[in-house]
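Reader: I would like a close look at a single part of this model, taken slowly and with the cut-offs spelled out. Please go through the aromatic residues and what surrounds them.

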Amino acid sequence: MMYKRNLRRSYIDKSIQGVCGGIAEFFGISSLAVRLIFVLTLPTSLLIYLILANTLDDTPPTL
C-alpha cells in the first residue's frame with residue numbers, strides 16, 4: 001500500500017504559520033532552504049505565502 005502525502009502546514013517546524021516547514025516536510029528538504037527561497041523571491045512569494053497560510057490544513061499533532 002502506498003502512503004499518500006498531503007501538503008499541510010507543519011506542526012513541529014513552525015516559524016510563523018508553518019507553511020515553509022510544511023513545504024520542506026513534503027519535499028524532504030531543509031526548511032531553511034525553503035525560507036531562503038521565499039525571502040529571495042519576496043514580492044511574489046508574499047502573496048503565495050498568504051494564500052497557502054489560509055488554505056493549507058494543519059498537520060495533526062502527534063502523541
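This is a predicted model: local features need pLDDT of at least 70, side-chain atom pairs count only at pLDDT 80 or more; totals for chains, interfaces and linings use all residues.

Author: **The aromatic pairs and their helices**

Phe 26 is partly exposed, with a relative accessible area of 22%, where buried means under 20%, exposed over 50% and partly exposed in between, using a 1.4 Å probe and protein chains only. Phe 27, at 56% relative accessibility, counts as exposed. Residues are numbered from 1 along each chain as its sequence is written, and side-chain values use heavy atoms, with hydrogens and water left out.

The whole structure holds 2 aromatic pairs, a pair being rings of Phe, Tyr or Trp (its six-membered ring) with centres within 6.5 Å, stacked if the planes are under 30 degrees apart, edge-to-face if over 60 and tilted for the rest. Phe 26 and Phe 27 form an edge-to-face pair, 5.0 Å centre to centre with 85 degrees between the planes. The rings of Phe 38 and Tyr 49 have centres 5.7 Å apart and planes at 85 degrees, so this pair is edge-to-face. Because Phe 38 lies in helix α2 and Tyr 49 in helix α3, the pair ties together parts that are 11 residues apart in sequence; helices here are DSSP runs (H or I, at least four residues) numbered from the N terminus. Both Phe 38 and Tyr 49 are buried.

Terms used: Helices (H or I, at least four residues) and strands (E, at least two) are DSSP runs, numbered from the N terminus.
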